[in-house]
Structures are given as C-alpha cells and as structure tokens.
Amino acid sequence: MKQNSVAVVGAAETTRMGKIPDVSVIGLHADAALNAMADAGLKPSDIDGVATAGISPVELAHYLGIKPTYADGTSVGGCSFMLHVRHAAAAINAGLAKTILITHGESGRSRVGAGGFGRAPSSLMGQFEMPYGVTSPPTMFTVPVLRYMKTYDVTEADLAYVSVVQREWAALNPRASFKDPITVDDVLNSPMIAWPFRMQMCCLVTDGGGALILTSADRAKDFPQKPVYILGTGESVETPMVSQMYDFTSSTAFRISGKKAFDEAGITHADVDHLMIYDAFAHLPLYGLEDLGFCKPGEAKDFIRERNTAIGGKLPLNTNGGGLSYMHSGMYGMYALQESVRQMRGTAAAQVKDAKISIAHGVGGMFAASGTIIFTNER
Amino acid sequence: MARILPEPTPETRHFWDGCREGELRLQRCTECKTTYFPPRAFCPACASRSVEVYAASGRGVLWSYVINHRPRQDMGTEPYAIAVVKLEEGPTMMTNIVGCPQTPEALVLDMPVKVRFEKQTDDISLPLFEPAKS
C-alpha cells in the first residue's frame, strides 16, 4: 500500500475489561464501536465500511444500523484485525469506502453469547490432531516449543523471564488485569498446564473488545484526535495444524508478514521506537523478535534477558502488559493495535517518550496466520 | 467417554484404511518424488496430480511435544504427551507416545520411535508411536 495514505482516526476499547458477565459478544463489539465512534466524533451513518472476525460483518453492520459499501469478514484468528486494517487501507485507497469501522468483542471468560471451541471430525485438524488429546491453545500453540528450546538452548527460566518483564510493564497500566510483580521462581512454581508451560507463561482469559476507525490521511486532519498513519502492512497464512508448521523453530507466516510490512514502510529495525508482539504464550515474543528480524535466530532470549524490551530498554515491547498480564479475550490482536495507536497518540499508560514508529505484530490460530501493521504519527 | 476420533474423507480414506490394516500409508509424488502429509490428491510441492500411496517405514524420531496436565475428558485422568514425530520419510505427524512414562525424563527429543496401531473401533485405529531401539 501507499505509505501514510490512510490513518486511524478513532480507537477505543470496551468501557470495561476483565469480567463482564452482563454483556454478550455482540454487545461487546457494539460497546467498543460506539466508544471508537465517540472518539472520532462520528455516528453510525458516517461509517460506510465494516470489518470484523468472530461474528460476521453482517451481524455487526445490522446491529449498529450501518449500511456499508464495503464488508470484510476475514477470520484467521487473533491477528484478523491486522488483516482488516491492511485490507481497509487498500480499500480506502481504491475508493471502495471512505470510513471503515473494525471491531472485536469476545466473552472469553464469561462466555455470554459465545460459541464453543471445536473442530469437525472430518476436518484436517479433526482427523490428524484432535484424536491425540489436544484441548485448547495451551496444548497446541506450545507443541513446537521444545524443538525451539533444544535448537537454541533456551531454558524454562528464559520463557519465565518473558512473563516477568511484561508484568513490569503491566504494573504501569491501571487497566491491566495483573499488576503485582512476579519473579522467575514465581512463574516456574505456578501450576503446570502443559509441560514446559506453567500457568504464568499462558495468557489471561478475559472479556472485552476494541474498535478502530480508518479514513484517508487527507481527511484525517479534520478529526478530533491526532491521526495515526499507516506506514506499512503485511500478512500471511501458514497452516491450520501446528504439527504441520514448515519449521518448528520459526514462523514462516511471521517472516513473510514482517518482511512485507518493513518493505512497504521503507524503514529499518533501528527506526522502530515501540513494538507489540501478540503474546498468547511466553514463547511468542521470542519467535516474533527473531522472525521480524530484530534478533538473529536463537538470540531473542538474551535480548530479553538483557532488558532491551523492558522499561528503559531500547525496544519497549508489549507496553500494555500484553496478553500475559493486560488482557486476552481470545483474539488479542485488537489490543496490540490499540496500544500501538495510544503510543502514537502519546496517550499510553506507559508512554514511550517521543515514539514516532510503532509496530503491532499479530498471530492467528496456532501459528496459523500473521499480520503486521507499522504505524507512525508523522506524515 | 469415548475417545474423539477422526472421520475420514475420500481424500484421507487410504490413510485410515492403512491404520486399520496395520500399515502407515503415506503419499508420494511420482514426478518430484516428494513424500507429504496430511493426505491430499495432489503434490503440495509441485501441484502434480500424479501421486501414489505407499507403505511407509513407520519409523521416525520424537520431534517435539507438550505434556498435558489438564487431560481432556476422553483421554483419562493422567497427564499425557501430545507429540509430533518426524517420520523417516520426511513429514511431521501429531501423535501420542505410548509404552513409556509420560515424563520429560522418558521423552527425550530425537529418540527413535516406531508406529503402533491402537484399535478404537472397527473402522478406526490410531497411529501411535513407541520408543524404538536405534
């Protein structure tokens, strides 16, 4: 896409987050959408494009009374919203719509109006993974990690340290679910979920949502909030089954998506002031740092241990506390995008001083898909 | 509670028939010779539709795994490994490792394993793997 031709002019999360037993999934979408419209000074009748995942864009549009000329129902897991941003930017440039609303809402904890988790027994996952006792993401997303750990001499303590550093960021965020400091020992003594993964290496399960509104950069200057421009974008998909990843030590989808985004943005890694890597589990930031090219293969554990991603480090990472400590409703990508937008607006709880370029990198499914958005506040 | 079982499709029927008959059947491209998994009617490496089914060795190595400490209802009450083996012929395959303790000490990456079919119903046997002498 053309650099800086489209901007985020509305961004908001649901009014409440964490445990929201009195709101259904579609209600969470709507709450976030209304907050984002208020943020942008818009009404539903001003929106002519919709995108969402989890529910259908048809449900979203009708629920809000929007009659759009553009609908995107791309649903590839938690990074779907990165893909929605990318597609929306292209659509706005192509004239398919002028003002596009992207929403997420999920009753991950309370399960109000939420569907179940399962795969048809005739699907590939139903035939070739489900019979072996996989349950939810903790027993699937984690399957490649022992191979990664053996290849690069990564320890359980290295994984635990990822959670420790992110909790330090969460402590600065009043909206974070978990704010109390933790140590490597705390993480390694937390309940075993799926060896080598302990509870504190796994994301939260919460209720919440978020929404974004995009329009052309030329129009963006007339909106109440400081525009956040889209500098580069990437996406890819890899496999519906984690057991079929091309390489257990690296996400091919991450590499393709990240490279495409950097190429579009025309920036180098040194230009990046702030980074979000979707952290459903503690290994995701390690894979992400390496596959995006911030570290060489196997070097991410030391990069984090040396506190480069911590408060005061050269590459602030997951500054909202991440899926490990902030919130995780199921499709966390929206919250990574929200934090990038806040950092670019200068309104984040743990604001990175003078940050000009922020990347939100997402994963979908169990290493199934990926999306990368590079934002800037300078045009 | 009965174990969650696969429901074969026309494209995968040969694989599950093989498991029932005690043979691990893979597919191979007759043009580029690539062996691939899971089953499909064409070669994912070169898109040729000229592919054949053959009996694989049933041997591989333990490639990666987790030990699930929150057993699924149909899997009993004890922790079990959800494993991936790398087959001698190249592909990776999810499975369970049987015939050894479900512990990190017993489950060592790269240890040789061989297939063992476990009958579930008249139609379905699952390809599980057990430690093999190298």
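Two strands are taken to pair if DSSP finds at least two bridges between them. Strands (E, at least two residues) and helices (H or I, at least four) are DSSP runs, numbered from the N terminus. In chain B, strand β1 (residues 25–29) meets β3(B) in this way, the two running antiparallel and joined by five bridges. Within that pairing, B:Arg28 has B:Glu52 of β3(B) as its bridge partner. The open sheet of chain B has three strands in the order β2-β1-β3, with antiparallel pairing. Its edge strands, each pairing on one side only, are β2 (35–36) and β3 (51–55) of chain B.

The model is predicted: local features need pLDDT of at least 70, side-chain atom pairs count only at pLDDT 80 or more, and totals for chains, interfaces and linings use all residues. Residues are numbered from 1 along each chain as its sequence is written, while chains are lettered from A and ligands numbered from 1 in the order in which they are written.

The secondary structure of chain A comprises 13 helices and eleven strands. Its C-alpha trace spans about 55 × 45 × 35 Å along the principal axes.

One of the residues involved is A:Val237, whose bridge partner in β11(A) is A:Ala369.

The axes of α1 (residues 25–40) and α2 (residues 57–64) of chain A come within 10 Å and cross at roughly 60°. That angle makes α1(A) oblique to α2(A), given that angles under 35 degrees count as roughly parallel, over 145 as roughly antiparallel, 65 to 115 as roughly perpendicular and the rest as oblique. The contact brings A:Ile26, A:His29, A:Ala30 and A:Ala33 of α1(A) to A:Glu59, A:Leu60, A:Tyr63 and A:Leu64 of α2(A); two residues are in contact if their C-beta atoms, placed from the backbone, lie within 7 Å. By class, these residues divide into six nonpolar, one polar and one charged. Here Ala, Val, Leu, Ile, Met, Phe, Trp, Tyr, Cys and Pro count as nonpolar, Asp, Glu, Lys and Arg as charged, and the others, Gly among them, as polar.

Helices α9 (residues 252–265) and α10 (residues 284–291) of chain A pack at an angle of about 50°, with their axes 9 Å apart. The arrangement of α9(A) and α10(A) is therefore oblique. In this contact, A:Phe254, A:Arg255 and A:Gly258 of α9(A) meet A:Tyr287, A:Gly288 and A:Asp291 of α10(A). The residues involved are two nonpolar, two polar and two charged.

Finally, the two chains meet. In all, 28 residues of chain A are in contact with 30 residues of chain B. On chain A, the elements α4 (124–128), α5 (145–152) and β5 (192–195) each supply at least two residues of the side that touches chain B. That side has 16 nonpolar, nine polar and three charged residues. Strand β5(A) also runs antiparallel to strand β4 (residues 59–68) of chain B, with two bridges joining them. Across this pairing, A:Ala194 has B:Asn68 as its bridge partner, and A:Trp195 stands opposite B:Ile67. Within chain A, β5(A) pairs with β6 (residues 197–198) in the antiparallel sense over two bridges. These two strands form a hairpin with one residue between them, in which A:Met192 stands opposite A:Arg198 of β6(A).

Key
Axes are lines fitted to C-alpha atoms, for helices over the stretch in contact, and angles run from 0 to 180 degrees between N-to-C directions.
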